[in-house]
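Here's a quick walk through the model, meant to be read with the structure open beside you.

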Amino acid sequence: MPLTPALAAIVDDFADLGHPDRITLLLEFADDLPELPEHLHAESMEPVPECQSPIFLSVDASDPSAVRLYFSAPREAPTTRGFASILHSGLDGASAAEIAAVPVDVVNDLHLGSVISPLRLRGMTGMLVRIQRQVAEQTAAPS
C-alpha cells in the first residue's frame, strides 16, 4: 500500500493495539494537533462537511516536494481532531505525489471500525479526499 513512511508507522501503531488502546491512541493524537499559524484563520479554510464537528483544512502545495497541511478542529471533538492529527502527522511535509498515492480507504487500516461510528470514519475519508483534491489543483500544470 502506497503510504508515506510516517502514515505507515501510524497505521502499524494502531494495528499493534487492541480496541480500547486504539481509542486511547486516537485521543492522544487529538492532543497533538498543532495550532494554526497566525496567518491562517478557520474562516478562510475549506470546511469538511463530512465531519460531524466543524473541521477546516488548508493545503499549501507551493512546494510540491513538501506539502504543508493545516487543520482547525475544536478540542470538544476529540475523535475528529484525532483524525485530523493523524493526517497531519502522516502527510504534512510529504510530496504531492506521495499524498496523491494514499488510498482513500486508509482509515480502514486503523482498525477503528468496531469502536468508531461509520459516520465519524467517513469524516476522516472526507478530509483525505479534500487534501488530495487541493494538492491536485495546486500542482496541476497550467493549461
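This is a predicted model: local features need pLDDT of at least 70, side-chain atom pairs count only at pLDDT 80 or more; totals for chains, interfaces and linings use all residues.

**Helix α3 and the rest of the fold**

**Helix α3**

- α3 is mostly covered, with 12 of its 14 residues buried.
- The buried set runs through Thr79, Thr80, Arg81, Gly82, Phe83, Ala84, Ser85, Ile86, Leu87, His88, Gly90 and Leu91.
- What do the buried residues of α3 pack against? They pack against α1, α2, β3, α4 and α5.
- Histidine 88 belongs to this helix, and at 14% relative accessibility histidine 88 counts as buried, because the cut-off is under 20%.
- Leaving out neighbours within four places in sequence, histidine 88 is in contact with Leu33, Pro34, Leu69 and Phe71.
- Just after α3 comes glycine 93, with a positive phi of about 90°.

- In α1, the buried residues are Leu7, Ile10, Val11 and Phe14.
- Those residues cover an arc of only 100° around the axis, which puts them on the same side of α1.
- Which residues of α2 are buried? They are Arg22, Leu25, Leu26, Phe29 and Ala30.
- Looking down the axis of α2, you'd find these buried residues within an arc of 155°, so they line one face of the helix.
- Pro20 and Asp31 are on the other side of α2, where they are exposed.
- Covering the buried residues of α2 are, among others, α1 (5-15) and α3 (78-91).

**The sheet**

- Three strands make an open sheet in the order β1-β2-β3, and the pairing is antiparallel.
- β1 (46-47) and β3 (68-72) are the edge strands with a single partner each, so one side of each has no neighbour in the sheet.
- β2 (residues 56-60) and β3 run antiparallel and are joined by five bridges.
- Serine 58 stands opposite tyrosine 70 in β3.
- Four of the five residues of β3 are buried, so β3 is largely enclosed by the rest of the structure.
- Helix α5 lies across β1, β2 and β3, running at about 30° to β2.

**The nonpolar core**

- How many residues does the largest nonpolar core have? It has 39, and those with the most contacts inside it are Phe14, Phe71, Phe83, Ile86, Met127 and Ile131.
- Elements giving two or more residues to this core are α1, α2, β2, β3, α3, α4 and α5.
- α5 gives the most, with six residues.
- As a general point, nonpolar side chains in soluble globular proteins tend to be buried together.
- Isoleucine 131 touches Leu57, Val59, Leu69, Phe71, Leu87 and Ile99, not counting residues up to four places away in sequence.

**The loop between α4 and α5**

- Is leucine 112 buried or exposed? At 1% relative accessibility, leucine 112 counts as buried, even though leucine 112 is found in the loop between α4 (96-101) and α5 (118-139).
- Setting aside residues up to four places away in sequence, leucine 112 touches Phe14, Arg22, Ile23, Leu26, Phe83 and Leu121.
- From leucine 112 to valine 59 is 53 residues in sequence and 26 Å in space, C-alpha to C-alpha.
- Histidine 111 has its place in the loop between α4 and α5 too, and at 37% relative accessibility histidine 111 counts as partly exposed.
- Phi of histidine 111 is near 55°, a positive value in a residue other than glycine.
- For context, most residues other than glycine have a negative phi.

Methods:
Residues are numbered from 1 along each chain as its sequence is written. Side-chain values use heavy atoms; hydrogens and water are left out. Buried means under 20% relative accessible area, exposed over 50%, partly exposed in between (1.4 Å probe, protein chains only). The arc is that of the directions from the helix axis to the C-beta atoms. Contact means heavy atoms within 4.5 Å. Two strands pair if DSSP finds at least two bridges between them. Axes are lines fitted to C-alpha atoms, for helices over the stretch in contact, and angles run from 0 to 180 degrees between N-to-C directions. A nonpolar core is a set of buried Ala, Val, Leu, Ile, Met, Phe, Trp, Tyr and Cys residues joined through side-chain atoms within 4.5 Å.
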